[in-house]
Amino acid sequence: MTQFKVAIIMGSRSDLEAMQEASDVLEQFGVEYEMRALSAHRTPATVQEFIGGLAERGFAAVIAGAGGAAHLAGVCASHTHLPVIGVPMRTSMAGGLDSLLSTVQMPRGIPVATTATGGSGAYNAALLAVSMIALSDAEMREKYVAFRAAQTEKVLAQSVIR
Ligand code: RP5
């Protein structure tokens, strides 16, 4: 078990199904996490309090998922120096194009690393967090490198279609 923890935050409980893809990955890698449904618009003070306290509590990264006017990841980034990975939720507008643009178009100086939309994005967000932890945790590096090698092998094993 690594000493580094990851925070997963989402704008609404309606984002949980997609964001669980991130928590599943963190569990697979033995990364401790805390998960909250808090909104940049509906509960701004609590977002600030939760995110602002993460660094001193030993967290390594924040994964923030939101949809529509998806300001959550950016607001999180404004309250911490920790890396923030934004996951745009899918919506009825072009599959989540509104969420994607709201998350990715950050002003210079406050970065958010933005993934693909929906569950795949949440999955990759957790892998990114794992690779960040792996920079200073040799055991995590071994697990992540092994994961990547196993994935390659699996794809190659199914590569011949005809
Ligand atoms: C966003 O609005 C949330 O992240 C969610 O994706 C979307 C809809 O939220 P609900 O109205 O379902 O709570 O803030």
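This is a predicted model: local features need pLDDT of at least 70, side-chain atom pairs count only at pLDDT 80 or more; totals for chains, interfaces and linings use all residues.
User: How far is an oxygen atom of the ligand from an N or O atom in the side chain of serine 12?

Analyst: The distance is 2.6 Å. Residues are numbered from 1 along each chain as its sequence is written, and side-chain values use heavy atoms, without hydrogens and water.

User: Which residues are around the ligand?

Analyst: A residue is near a molecule if one of its heavy atoms lies within 4 Å of it. Here they are Gly11, Ser12, Ser14, Asp15, Arg42, Ala66 and Gly67. A polar side-chain atom of serine 14 lies 2.7 Å from a ligand oxygen. For aspartate 15, a side-chain N or O atom is 2.6 Å from an oxygen of the ligand.

User: How is a pair of aromatic rings described?

Analyst: By the distance of the centres and the angle of the planes. Rings of Phe, Tyr and Trp (its six-membered ring) pair if their centres lie within 6.5 Å; planes under 30 degrees apart are stacked, over 60 edge-to-face, the rest tilted. The count here is 3 aromatic pairs. Phenylalanine 29 and tyrosine 144 are tilted, at 6.4 Å and 55 degrees. Tyrosine 144 and phenylalanine 147 have centres 6.3 Å apart and planes at 10 degrees, so they are stacked.

User: What do the ring pairs link into a cluster?

Analyst: They link Phe29, Tyr144 and Phe147.

Methods: A polar contact is a pair of N or O atoms within 3.5 Å; within protein, one must be able to donate a hydrogen and the other to accept it, and residues adjacent in sequence count only if both atoms are side-chain atoms.
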